[in-house]
Amino acid sequence: MFRFHLKSFIIALIIFILEVLIALHVHDAIIRPYVGDILVMIFIYYFIKAFINTKAINIAIFTLFFSFVVEILQYFNFVEMIGLGHNKAARIIIGTSFSWIDLLCYFVGFILLFLIDKDLMKEM
């Protein structure tokens, strides 16, 4: 079940670096809020795929579910509920504001995975 897939890890690493660069240097109304959310979906998928040996569709569905759960937890102010409201890293990673648009961005990221990853296409 566990393995190390270098190609997936490298893709995840590149997307992570892109996300950090967007967070630090892009302050617009499109790339940071929307493209960033789409990319985070793809990042999580490839990061999991780098370490877990299972069908790509299972990873994609789990990633979408996980992203939706995190976003819904933001609706309930989860960071404050667990006592990490003062922790900047927790506020960035978990998030602090619910958005229906974010859910749509995660779904767009999910759909893009089918265009990007040949393994997903093979399973359809």
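Helices are DSSP runs of H or I with at least four residues, numbered from the N terminus. The model shown in these views is predicted, and its local features need pLDDT of at least 70, side-chain atom pairs count only at pLDDT 80 or more, and totals for chains, interfaces and linings use all residues. Residues are numbered from 1 along each chain as its sequence is written, and side-chain values use heavy atoms, with hydrogens and water left out.

**View 1. The largest pocket has a volume of about 1,200 Å³.** Of the 30 residues that line the largest pocket, Glu19, Asp37, Val40, Ile92 and Ile93 are the closest to its centre. Two or more lining residues come from each of helix 1, helix 2, helix 3, helix 5 (88-94) and helix 6 (100-116), and helix 2 provides the largest share, with seven residues. A pocket is, on a 1 Å grid over the protein atoms alone, an open set of points where a 1.4 Å probe fits, with protein on both sides within 12 Å along at least five of seven lines, and its lining residues have an atom within 4 Å of a point. The volume is the space filled by probe spheres set on the points, which are joined across faces, edges and corners.

**View 2. A nonpolar patch on the surface is formed by Phe4, Leu6, Ile10, Ile14, Leu18, Phe47 and Phe51.** Together these residues have about 620 Å² of accessible area (Shrake-Rupley method, 1.4 Å probe, with only the protein chains shown counting as cover for residues). Such a patch joins nonpolar side chains (Val, Leu, Ile, Met, Phe, Trp, Tyr) within 5 Å, from residues with over 30% relative accessible area and no salt bridge. Helix 1 (6-25) and helix 2 (31-51) each supply at least two residues of the patch, and helix 1 gives the most, with four. Leu18 lies in helix 1 and, at 38% relative accessibility, counts as partly exposed, a class that falls between buried (under 20%) and exposed (over 50%), with a 1.4 Å probe and protein chains only.

**View 3. Ser67 and Phe68 both have their place in helix 3 (residues 56-75).** Ser67 counts as buried because its relative accessibility is 5%, whereas Phe68 is partly exposed, with a relative accessible area of 27%. Not counting residues up to four places away in sequence, Ser67 touches Met41, Ile44 and Tyr106, where contact means heavy atoms within 4.5 Å. With the neighbours of Phe68 within four places left aside, Phe68 is in contact with Leu103, Tyr106 and Phe107.

**View 4. Lys49, Asp117, Asp119 and Lys122 are linked in a network of salt bridges.** In a salt bridge, a side-chain nitrogen of Lys or Arg lies within 4 Å of a carboxyl oxygen of Asp or Glu. The side chains of Lys49 and Asp119 meet at 2.6 Å, N to O, and this pair links distant parts of the chain, with Lys49 in helix 2 and Asp119 in helix 7 (residues 118-123), 70 residues apart. Lys49 is buried, with a relative accessible area of 6%, while Asp119 is partly exposed at 29%. Asp119 also forms a salt bridge with Lys122, the closest N and O atoms being 3.4 Å apart; because they are three residues apart in helix 7, the two are separated by about one helical turn.

Notes. Patch = residues over 30% accessible without salt bridge, like charges linked within 9 Å, V, L, I, M, F, W, Y side chains within 5 Å.
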